[in-house]
Amino acid sequence: MTDFFRLGERMVNRLGYGAMQLAGPGVFGPPKDRSAALAVLREAVASGVNHIDTSDFYGPHVTNQLIREALSPYPDDLTIVTKVGAVRGADASWNPAQGPSELTRAVHDNLRNLGVDVLDVVNLRAMGDVHAPSEGSIAVQFTALAELQRQGLIRHLGLSNVTAAQVAEARAIAPVVCVQNQYNLAHRVDDALVDDLAVEGIAFVPFFPLGGFSPLQSSTLSDIAARLGATPLQVALVWLLRRAPNILLIPGTSSLTHLRENLAAAKLSLPDRTITELNRIGQTASLSA
Ligand SMILES: NC(=O)c1ccc[n+]([C@@H]2O[C@H](COP(=O)([O-])OP(=O)(O)OC[C@H]3O[C@@H](n4cnc5c(N)ncnc54)[C@H](OP(=O)(O)O)[C@@H]3O)[C@@H](O)[C@H]2O)c1
């Protein structure tokens, strides 16, 4: 496996696993292949993954229930990070659920479905704009989670889909151990935030590290991958590992083959000139955005 970075009280492998893809199509309902989903989780942990990202709103409940079935009783060194702040509609929509009582209910849903007494890390998923960070106070929500932490239901707090100002606002209320925003080779809006968090020793956990529902495609990426004898998505993962020491990866997959490919990315080394070429993908993307 690759190297480590602090997440809460534990050092975790920088190559982790994101469980969202284990639910049914559109992250709704049961998986197409339940035994394959359980096998992916078990092989991830057997291969050294000790950081899994989830939420009770994946499914809803499905992903957490799969994690519990596959992995409980949990290994001592496993850190499960969950997120609260949304609920799913009957039409699979993602709706804000940011009131203190909704956040409390979500924490209890996660405790019950994961089958634990305390959650390792809970991210407040801001929903000002569902698809991207947008300014606005998150003090009421984060204070509610800090109270649940004080009650002993949560060990550590994090944030998701937030701006730098919201990170600062939350840190004045309670310590923040990780920030989970969209970020990858082609989507680099958070470049400055990644670096600022690195200075503070706070983990940055990119969601959609492979591009999400439409995995990254670029001729530069494909050419470099061919030269290195790797897949384009492996190169995209190694670029993130090289980008900053505080980046923790949670690529999502429902496939054992893809899981193995993603974990094998840790062994790939990128020459410096390749990094320069890959950086141009993000610059071109921001010019054309
Ligand atoms: N905080 C938030 O708002 C938020 C939002 C989205 C996601 N997340 C978290 O971030 C994690 C990662 O995001 P994500 O899963 O949405 O996106 P992702 O990791 O960028 O990409 C997942 C997609 O890539 C495919 N894939 C994975 N490995 C592959 C490989 N080696 N070769 C080819 N295709 C591959 C997957 O399909 P297959 O299943 O077929 O492999 C899936 O379609 C999620 O699991 C979730 O825990 C958080």
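**Ligand shell**

I sorted the shell around the ligand by class and got 10 nonpolar, 13 polar and 4 charged residues. My classes: Ala, Val, Leu, Ile, Met, Phe, Trp, Tyr, Cys and Pro are nonpolar, Asp, Glu, Lys and Arg are charged, and the others, Gly among them, are polar. This is a predicted model, where local features need pLDDT of at least 70, side-chain atom pairs count only at pLDDT 80 or more, and totals for chains, interfaces and linings use all residues. Residues are numbered from 1 along each chain as its sequence is written.

I found 27 residues surrounding the ligand (C-beta, placed from the backbone, within 6 Å). The closest are Gly18, Met20, Leu210, Gly252 and Thr253. Helix α9 (residues 256-264) gives the largest share of the shell, 3 residues. Helices (H or I, at least four residues) and strands (E, at least two) are DSSP runs, numbered from the N terminus.

**Sheet**

Next I traced an open sheet of 7 strands with parallel pairing (at least two DSSP bridges), in the order β3-β4-β5-β8-β9-β10-β11. β3 (17-18) and β11 (203-204) are at the edges with a single partner strand each, so one side of each has no neighbour in the sheet. I counted 2 bridges from β3 to the parallel strand β4 (residues 51-53). Gly18 has Asp53 as its bridge partner in β4.

**Helix pair**

Last, I checked α7 (residues 219-228) against α8 (residues 232-243): they pack at about 95°, axes 8 Å apart. Axes are lines fitted to C-alpha atoms, for helices over the stretch in contact, and angles run from 0 to 180 degrees between N-to-C directions. That makes α7 roughly perpendicular (65 to 115 degrees) to α8.

Definitions and conventions
Angles under 35 degrees count as roughly parallel, over 145 as roughly antiparallel, 65 to 115 as roughly perpendicular and the rest as oblique.
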